[in-house]
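Subject: Structure handover

Hello,

The structure you asked for is below, with its sequence. My notes on what was found follow it.

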Amino acid sequence: MTAHQPSVKATKIAGGVHTDQRHDSAHKHVTGEAIYIDDMPEPRGTLHGCLGLSTVAHGKMVKIDLAAVRTAPGVVDVLTAKDVPGVNDISPTGRHDEPVLAEGVVQFYGQPIFCVIAQTREQARRACKLAKIEYEELPFVVDIGGLDVEKDKLVTPNLTLTRGDAAEAIRKAPRRLKGQVRNGGQDHFYLEGQISMAVPGEDGDVTIYCSTQHPSEVQHMVGHALGVPSHAVTIEIRRMGGGFGGKETQGNQFAALAAIAAKKLGRAVKIRPDRDDDMTATGKRHDFLIDYEIGFDDEGNILGVEFTYGARCGFSSDLSGPVTDRALFHCDNAYFYPAVKAVSAPFYTNTVSNTAFRGFGGPQGMIGAERIIDEVAFATGKDPLEIRRKNFYGTTDRNVTPYHQTVEDNIIHRIFDELEQSADYDGRRREIRAFNNNSRFIKRGLAITPVKFGISFTATHYNQAGALVHVYTDGSVHLNHGGTEMGQGLNTKVAQVVAEEFQIDIDQVKITATTTGKVPNTSATAASSGADLNGMAAQDGARQIKARLIDFAAEKWNVEKDQVVFLPNRVRIGNQEIPFGELIKLAYFARIQLSAAGFYKTPKIHWDRAKGQGRPFYYYAYGAACAEVSVDVLTGEYMVERVDILHETGRSLNKALDLGQIEGAFIQGMGWLTTEELWWDAKGRLRTFAPSTYKIPLASDRPKIFNVTLADWSENRENTVYKSKAVGEPPFMLGMAVYHALTDAVASVADHKLHPQLDAPATPERVLMAIERLKAAR
Amino acid sequence: MAKAQPRSEIRFLLNGEEVALRDVAPDETLLDYLRLRQNLRGTKEGCAEGDCGACTVLVGRFLAGKLIYESVNACIRFVGSLDGTHVVTVEHLKSSDGRLHPVQRAMVDFHGSQCGFCTPGFVMSLYGLRMREPNPTDAAIEKALQGNLCRCTGYEAIVRAAHAISDYGRASKDPLLAERNAVVARLTAMRDGVRVEIGSGKDRLVVPASVDDFAKLLNDEPTATVVAGSTDVGLWVTKHMRDIAPVVFIAGLEELKSISEEKGVVTIGAGVTYTEAFETLAKRIPPLGTLINRIGGEQVRNMGTIGGNIANGSPIGDTPPPLIALGASLTLRRGKKRRTISLQDYFIAYGKQDRAPGEFVEAVHVPVPKKGTHFAIYKVSKRRDEDITSTLGAFLIEVKGGVVKEVRIAYGGMAATPKRASAVEAALLGKPWNEATVEAALGEFAKDFAPLTDMRATADYRALAARNLLVRFYAETTGTKAPIQVSRAA
């Protein structure tokens with residue numbers, strides 16, 4: 001990069017906070033110069049690994065014959081469970097239920113059993129196919145329908161939230177109903193698949209370049225698997241080609257195996273699974289089956305609710321505990337329940353262990369909330385919008401959640417008011433009614449749905465972050481923090497914060513690869529927390545250095561400290577201004593420490609899981625979407641005609657990046673609820689393991705008219721970084737508007753008298769079958 | 001054909017460099033070649049099956065004497081098929097002084113990348129579009145991007161960028177145009193008109209010099225794998241790791257690329273790609289044009305051939321049902337012998353076609369529907385674009401005096417082969433074309449089809465949707481103004 005001379009006359013720095021700074025890697029993305037792990041130069045003699053996967057859903061391995069694998073061309077070694085030098089476990093929550101390589105028993109179709117190491121990736125892949133493994137097949141559970149939280153196996157202890165006496169409230173309510181809604185899981189489909197490259201070092205150390213959202217956890221898992229202390233393992237990641245939660249824990253396995261092989265063979269080892277293997281052997285969003293019972297009155301006021309949230313967790317706990325907890329935390333979405341009981345049921349199944357995915361159970365939780373709203377609307381013959389409004393949290397009363405946190409920052413009313421206006425909901429509702437009356441085969445539907453999403457890790461200790469800030473003697477800044485870049489623009493936002501603190505142009509700030517060697521004990525870049533946590537930590541680091549600079553300047557120039565002011569690319573000291581770089585040079589000669597480790601922990605939060613009470617969330621993020629669809633009643637095919645979104649990110653650090661997050665999250669949420677379907681055959685084999693069979697949205701699936709607005713009046717009440725709010729996950733759930741618009745369109749075939757009971761993903765097939773059910777029942 | 005010595009190297013132009021390869025494996029993909037051998041790692045592997053577009057590059061080739069550039073999936077394109085072409089990767093776009101190409105600048109300024117992994121592929125697809133349509137419509141952009149998946153942006157920013165590209169420089173000043181004459185000269189110099197033969201046994205690949213050469217070759221080596229577009233065979237290698245040698249690459253045979261019309265019959269050479277066929281078919285048999293736009297993504301349509309779609313005998317190939325409904329026939333050739341059979345008779349059973357060893361599909365003959373007939377194709381899939389069919393119905397009907405005079409209906413996805421709905425047709429033929437007749441015919445579907453349940457759809461859905469397509473077809477023939485399908489049109 002050519003040296004840039006910062007302007008010392010500028011009234012504003014380039015690229016400070018609240019500006020539309022471009023993604024720091026945008027130029028490299030478009031030229032192909034951005035380096036992902038598979039693009040790095042391989043050390044001489046690098047070997048390649050491929051995982052051998054189980055071919056049954058559940059079974060005892062009675063004979064494992066790998067002779068042909070071992071003698072296949074190019075094969076250097078074949079690892080099995082006995083080659084794991086430390087503990088054969090990568091359970092991220094310490095439940096010891098997830099082996100690196102299966103031993104004795106396989107518990108899902110696609111479970112890794114062995115790992116071939118060969119000269120080339122192709123040789124490793126071909127050799128894998130030569131394994132002969134005999135199984136004694138065992139009964140398996142794939143579907144959670146009919147499982148019982150009291151009797152059936154859970155992968156982790158479940159959670160119950162209660163406020164008031166829900167059973168009594170339902171019993172006493174003028175009207176009651178019961179029902180069930182199912183929603184499917186979701187593959188992350190990060191465009192860059194899982195990958196790790198391990199490079200052995202001296203003293204038995206190993207450095208792993210791993211596409212992960214959670215370098216510290218990879219470090220710990222690899223340490224356990226190798227049986228070495230954490231200091232012997234370094235994890236580095238410059239950027240991921242997408243994460244979405246799929247690289248929070250799912251990289252552990254590949255990193256551990258690459259590290260084991262690299263140490264054993266003394267050579268660099270890279271493992272990059274084929275897309276089919278990646279989709280077969282790594283976890284996904286949890287599918288849920290939600291049972292509900294509601295008590296309400298004729299006006300549509302909800303009086304009491306009981307929920308059971310059953311989840312297909314797969315064969316191990318992974319993150320299913322916190323995911324199913326978060327589902328319960330969002331069983332209210334934006335609605336006040338006078339009395340509520342919600343129970344989670346994290347069921348064991350013989351499927352891949354499900355994991356984090358953008359929203360982390362929150363979306364599934366909200367599916368329950370929005371379903372009961374629709375049910376009440378149909379039961380009372382009112383527009384769902386009216387029922388939504390009626391049951392929203394209040395601002396001064398009716399504002400306590402099922403987990404006893406008071407909602408202090410509720411702005412959903414204003415969001416709804418503005419969106420209803422800008423989207424012309426009433427006018428279009430009338431138009432659609434008229435259209436549907438005159439259209440036999442194509443029916444339109446309209447819906448507006450809210451989002452209120454809790455921000456913070458519910459595991460309180462994760463809400464901490466570190467950063468490392470170096471100012472070099474030329475005034476340029478080297479910045480490192482514990483967050484990871486997966487496309488969301490975290491590095492850009494954190495650099496904006498540091499630029500703003502020092503009042504220097506952003507190109508004076510260089511963000512480098514995340515590595516456990518620079519910032520230790522980091523939390524996953526997850527829970528939408530990246531900028532909130534790491535931005536604050538970096539700010540703290542910058543402020544420490546600034547404080548030293550202020551002390552230094554005040555003493556040297558003999559002025560009061562408040563006479564030292566950081567202006568764009570310069571510092572005013574008393575009556576004179578000197579360039580930032582010059583001050584730094586002087587500070588260096590005066591032996592001022594120009595490096596700092598920043599730290600941040602989120603205040604105010606606490607959570608008592610046993611009691612089901614506390615304040616797990618620092619604040620909430622809000623938004624709403626209005627969607628219009630057209631549906632073909634002959635085939636169930638549909639089109640998203642128009643979507644209007646109003647979403648808030650507080651005082652946005654970067655509106656351009658936030659807009660990208662909102663648009664992208666919405667489409668991903670829409671995909672989850674429409675065309676993205678996971679399908680297992682009768683033998684428990686996942687058959688949708690590639691983009692040819694698993695259909696994420698295309699450009700031609702996006703709404704024909706797509707209006708996305710940031711609520712620029714919003715500001716975080718809490719003291720977050722520059723009063724901004726998190727943006728990663730909340731807009732994902734705006735996709736629910738499409739699902740409810742489909743429900744509305746389907747309902748039109750029975751004059752909106754019957755609830756369509758449309759499950760998700762609402763594929764054309766599910767839509768058509770719902771239409772058929774209504775036609776038969778009307 | 002002069003008996004010239006075969007050449008034992010594949011020659012092509014890679015960005016600015018001439019490449020001559022003697023050590024090409026018959027199953028070596030362009031993507032592996034770029035990434036592993038050339039260390040050009042801007043081109044990414046996302047899926048290795050031609051569905052995500054992260055590996056998109058442009059391939060320039062002569063079509064009817066003109067150099068054209070098309071987006072293709074490097075992951076399923078074999079190096080052996082590149083003889084005489086110009087391969088352009090994302091690394092070629094930046095100018096020598098470091099300035100970004102207009103497509104790249106627009107993508108940067110409009111925040112078209114997030115994680116960036118799919119981005120080089122999008123850049124190349126948009127570049128391909130720009131060379132055809134400098135000021136594209138929304139529909140053209142969506143079509144050009146059907147084969148590119150992005151999981152971050154939701155596409156909106158990319159489409160905004162696509163619209164803005166023309167503001168960053170005139171397409172007529174594009175570097176690939178500026179160097180065009182030089183490229184044409186270099187490619188022309190590579191074309192010596194001889195057969196290319198490399199390796200033997202499991203390493204053998206052949207690029208025949210002509211169709212006659214190909215016919216002879218296949219007759220001599222009937223077990224050879226014939227590769228036209230490689231949109232299917234590519235996956236045999238990348239996904240199933242099958243050994244496919246010896247391989248014969250026929251994509252460059254211009255003689256298989258002719259499209260002609262005589263006496264109301266359009267003849268399409270077996271090597272004609274979907275993209276090449278589009279213009280003629282969209283004009284002469286419009287529903288086929290509409291259908292082609294929903295087959296694969298742009299990259300697949302730029303490689304895949306209608307001949308291949310027929311030859312591989314898939315029960316869910318999209319072109320056979322409409323071609324059967326239209327009464328298409330095939331010319332099959334073995335050595336110098338040719339025979340013509342009806343397409344319908346070509347499909348015998350699952351995985352079994354009426355094609356003898358050493359025989360290949362040379363051309364397909366498609367009668368244009370007569371005036372007064374009504375023809376429609378309806379494809380149903382989970383996702384609208386770039387998805388494999390759940391069920392596809394093709395309907396050809398001639399109604400005279402209110403009575404069904406001729407009817408041909410064929411479906412895909414409903415049986416082990418593309419198949420006529422004979423019982424349904426029988427219930428319609430000679431009857432008044434009205435709702436009651438259609439209603440009666442719906443009851444006959446069960447006699448024609450017992451579809452399967454798989455990951456794309458259940459048997460029940462397939463059966464129901466297939467029946468309903470006849471209802472839709474009836475409505476379409478009544479000329480109703482009310483919409484009968486959801487549409488992408490604004």
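Lys239(B) and Asp274(A) form a salt bridge, with 2.8 Å between the closest N and O atoms; the term stands for a side-chain nitrogen of Lys or Arg within 4 Å of a carboxyl oxygen of Asp or Glu. This is a predicted model, in which local features need pLDDT of at least 70 and side-chain atom pairs count only at pLDDT 80 or more, while totals for chains, interfaces and linings use all residues. Residues are numbered from 1 along each chain as its sequence is written, chains are lettered from A and ligands numbered from 1 in the order in which they are written, and side-chain values use heavy atoms, with hydrogens and water left out.

Chain B against chain A

The count of salt bridges between chain B and chain A is 22. The rule also finds 46 residue pairs in polar contact across this interface, both residues being at pLDDT 80 or more. A polar contact is a pair of N or O atoms within 3.5 Å; within protein, one must be able to donate a hydrogen and the other to accept it, and residues adjacent in sequence count only if both atoms are side-chain atoms. On the side of chain B that touches chain A, the elements giving two or more residues include helix 2 (102-109), strand 17 (373-380) and helix 19 (459-477) of chain B. Helix 19 of chain B gives the largest share, nine residues. Helices (H or I, at least four residues) and strands (E, at least two) are DSSP runs, numbered from the N terminus. By class, this side has 37 nonpolar, 20 polar and 31 charged residues. Here Ala, Val, Leu, Ile, Met, Phe, Trp, Tyr, Cys and Pro count as nonpolar, Asp, Glu, Lys and Arg as charged, and the others, Gly among them, as polar.

In total, 88 residues of chain B are in contact (heavy atoms within 4.5 Å) with 93 residues of chain A. The two chains bury about 7200 Å² between them, and carbon and sulfur atoms give 55% of that. Buried area is the accessible area (1.4 Å probe) that two parts lose on being put together, summed over both.

Domains 2 and 3 of chain B

Chain B is assigned domain 1 (10-91 + 181-249), domain 2 (102-173), domain 3 (254-367) and domain 4 (374-477); the bounds come from an automatic or database domain assignment. The centres of domain 2 and domain 3 of chain B, taken over C-alpha atoms, are 32 Å apart. Seven residues of domain 2 of chain B are in contact with seven of domain 3 of chain B. About 530 Å² is buried between these two domains, 32% of it on carbon and sulfur atoms. Lys143(B), Gln146(B) and Gly147(B) supply 73% of the area that domain 2 of chain B buries here, more than any other three residues. The count between the two domains is one salt bridge. Arg132(B) forms a salt bridge with Glu298(B), at 3.0 Å between the closest N and O atoms.

Backbone points to check

Most residues other than glycine have a negative phi, and most peptide bonds are trans. The bond from Ala760(A) to Pro761(A) is cis, with omega near 0°, and Pro761(A) lies in the loop between helix 17 (736-747) and helix 18 (764-777) of chain A. The bond from Ala245(B) to Pro246(B) is also cis, with omega near -5°. Ser456(A), although not a glycine, has a positive phi of about 145°.

Regards
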